[in-house]
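Please look over the model shown below, and keep it in view while reading the short sections that follow.

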Amino acid sequence: MIIDIISFYDEHPINEGSVLAGLQREGKDLAKLEPADLYPHDQDHYGHLEAVRTIAARLELEPGQRLLDVCAGLGGPSRLLADEFGVQVQGLDLNAGRVAGAEKLTDLVGLGGLCSFREGDATNMPFAAESFDAALSQEAFIHIADKQALFAELRRVLKPGGRLCFSDWVAGSGLSPDDRQRLQSDIFAQAIHEPEEYRGLIAAAGFHAVAAEDLTAWWHDLLIERLEMFRGMESDTVASFGRQRHETYITAYEFFVGRIIDGRLGGARFLATG
Ligand SMILES: C[S@@+](CC[C@H](N)C(=O)[O-])C[C@H]1O[C@@H](n2cnc3c(N)ncnc32)[C@H](O)[C@@H]1O
């Protein structure tokens, strides 16, 4: 049984080993990888490259800017943004194994000069004030209950006028206390906010021009596909963590996707200026 958020990601179907296994199945030479070779395997969010590029457009990234990727995981979005936009990316993640995986995958594609990764909690960041021009995150703030601390930290580490853009789950009408309880225990969804409530939490930290885009219709189809992707990763997940972990993960994901289908959950992309 998975008892905390660190263990949950230590036994996640998308991990350093699954990325390397995917590359090997494609017959890639690990000594000659390009950043784009990783993209089919290393993006742990919804909407794949289109989602990352849309965030880049919202942030109006310029080469040489310092970008913070909050809850960066294996660093898939960080590498894409460094490679395509020439930004210096600092990734932050709570999970030491994911930070190590992000560093290894980044070295494999020769982006170590543009991307670095650090272990740490997004509610207590190991960075000086006004360190970054912009910040992003994807499908991770759902794990963080203390949004007041999270947005206060983001405001602190962004330069004045710096942009924040992130996507996350939002509560739809009819999300019940039982739904919340199950999503919390199975996927560590600690706090699911309605869009207006989420905007208020961002604004309360001192961000302005807080805007929200509804992603629910887009997520509907792509999450059904993503559930199929995780089902198709059965042999890798079983080999790494055992059959019970695969089945537990799929059951939890089916429940999550079911709530997207019935409208009790949705997705949104938020943009705000510090
Ligand atoms: C769904 S993954 C997203 C990874 C990455 N953003 C991507 O799109 O590929 C969520 C990540 O959030 C991290 N995380 C959860 N709570 C965190 C916290 N309080 N501080 C930093 N990272 C956290 C997890 O360890 C996990 O790697």
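Glu130 is partly exposed, with 13 other C-beta atoms within 10 Å; here a residue is buried if 20 or more other C-beta atoms, placed from the backbone, lie within 10 Å of its own, exposed if 12 or fewer, and partly exposed in between. This is a predicted model, in which local features need pLDDT of at least 70 and side-chain atom pairs count only at pLDDT 80 or more, while totals for chains, interfaces and linings use all residues. Residues are numbered from 1 along each chain as its sequence is written.

Glu130 has a positive phi of about 55° although it is not a glycine, and it is found in the loop between strand E3 (115–119) and strand E4 (132–138); helices (H or I, at least four residues) and strands (E, at least two) are DSSP runs, numbered from the N terminus. Ala209, which is not a glycine either, takes a positive phi of about 50°, but this residue lies in strand E6 (residues 208–214) and is exposed, with 10 other C-beta atoms within 10 Å. Most residues other than glycine have a negative phi.

Helix H5 is mostly covered, since eight of its 10 residues are buried, including Leu80, Leu81 and Ala82. Just after H5, Gly86 has a positive phi of about 65°.

Leu81 also belongs to the largest nonpolar core, where Leu67, Leu81, Ala135 and Leu164 touch the most other members among 66 residues; such a core is a set of buried Ala, Val, Leu, Ile, Met, Phe, Trp, Tyr and Cys residues joined through C-beta atoms within 7 Å. Strand E5 (residues 158–171) gives the most to this core, with six residues. In soluble globular proteins, nonpolar side chains tend to be buried together.

## Around the ligand

Which residues come nearest to the ligand? Of the 23 residues around it, these are Asp44, His45, Cys71, Gly73 and Ala122, where a residue counts as near if its C-beta atom, placed from the backbone, lies within 6 Å. The elements that give two or more residues to this shell are helix H1 (5–10), helix H5 (76–85) and strand E2 (88–93).

## A pair of helices

Helix H10 (residues 216–232) packs with helix H12 (residues 243–261) at an angle of about 170°, and their axes, which are lines fitted to C-alpha atoms over the stretch in contact, are 10 Å apart. That makes H10 roughly antiparallel to H12, a term used for angles over 145 degrees on a scale that runs from 0 to 180 degrees between N-to-C directions.

Definitions and conventions:
Parallel < 35°, antiparallel > 145°, perpendicular 65-115°, else oblique.
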